[in-house]
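Here is a short report on one protein chain. Look at the fold as a whole before turning to single residues.

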Amino acid sequence: NCGIPAPSSTPLATFSTDTTKGCIPLTVNLKNNSIHSHSYQWDFGDGQKSNTYETKHTYDSSGVYKIKLIAIDTVNCIANSDYREINVYAPPSVSLNPVNPICPGDSIGLNANGVNTYLWTPGASLSNANISDPIAFPKISTQYTVSVSNDGCSLTDTLTIYMNLSC
């Protein structure tokens, strides 16, 4: 029942995405730009599929996914495919451990783990505000905030260093 198609009726699968990377959960909107086709098969690379013309898909796990669109000319039984790669990143985590109060004039090491970029504030009383483990030299009880990021995903946490004035 499938004949030889005329060159102008050969399906061409093509699509675009509104993003190619991001943090979980990442929703990707898919715009179908295919021509000369009657049906469509989307494979999102995570076991999920769709047969709609245009769609969106949400990734709930980190990883690299290959989205595939197959455009099919059902009259002539011909298919064509297009692919895009999507990078989905896990959100960063930060773990700040509470510390005992310190005496005036003492210093204390702060520590945040598990990410690529750090920004501690206030930075004036720190040895370096852009590393995971700066040394703090507070003159009074001070609340420090660390903003961490990893692959464009970010998170903020706080830790207060209390001054023991009875030392």
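The protein chain has zero helices and 13 strands. Both terms come from DSSP runs, numbered from the N terminus: a helix is H or I over at least four residues, and a strand is E over at least two. Along the sequence the pattern reads β-β-β-β-β-β-β-β-β-β-β-β-β. The radius of gyration is 26 Å, well over the 15 Å from the globule rule for 167 residues, so the chain is more spread out than a compact globule. That radius is taken over C-alpha atoms, and the rule is 2.2 Å times the number of residues to the power 0.38. The C-alpha atoms fill a box of roughly 90 × 20 × 15 Å along the principal axes.

This is a predicted model: local features need pLDDT of at least 70, side-chain atom pairs count only at pLDDT 80 or more, and totals for chains, interfaces and linings use all residues. Residues are numbered from 1 along each chain as its sequence is written, and side-chain values use heavy atoms, with hydrogens and water left out.

**Surface and contacts**

Of the 167 residues, 32% count as buried. Buried means under 20% relative accessible area, exposed means over 50%, and partly exposed lies in between (1.4 Å probe, protein chains only). The chain exposes about 9400 Å², and carbon and sulfur atoms supply 49% of that area. Such areas come from the Shrake-Rupley method with a 1.4 Å probe; for residues, only the protein chains shown count as cover.

Now take contacts, meaning heavy atoms within 4.5 Å. Among contacts with a separation of 6 or more, 53% are between residues 24 or more positions apart.

**Charges and salt bridges**

The chain has 8 positive and 12 negative side chains. Lys and Arg count as positive, Asp and Glu as negative; His and the chain ends are not counted. The centres of the two sets lie 6 Å apart. Each charge is placed at NZ of Lys, CZ of Arg, CG of Asp or CD of Glu.

Side chains of opposite charge can pair when their charged atoms come close. A salt bridge here is a side-chain nitrogen of Lys or Arg within 4 Å of a carboxyl oxygen of Asp or Glu. The count comes to three salt bridges.

| Salt bridge | N to O distance |
|---|---|
| E54 and K31 | 4.0 Å |
| D43 and K49 | 3.7 Å |
| R84 and D82 | 3.0 Å |

The bridge between E54 and K31 links distant parts of the chain, 23 residues apart. E54 sits in the loop between strand 5 (49-50) and strand 6 (55-59), while K31 lies in strand 3 (residues 26-32). E54 is partly exposed at 38% relative accessible area. K31 is also partly exposed, at 45%.

In the second pair, D43 is partly exposed at 24%, but K49 is exposed at 62%. In the third, R84 is partly exposed at 27%, whereas D82 is buried at 14%.

**Backbone details**

Another cis peptide bond joins T121 and P122, with omega about -5°. P122 is in the loop between strand 10 (117-121) and strand 11 (135-136).

H36 has a positive phi, near 55°, in a residue other than glycine. H36 lies in the loop between strand 3 and strand 4 (39-43). At 40% relative accessibility, H36 is partly exposed.
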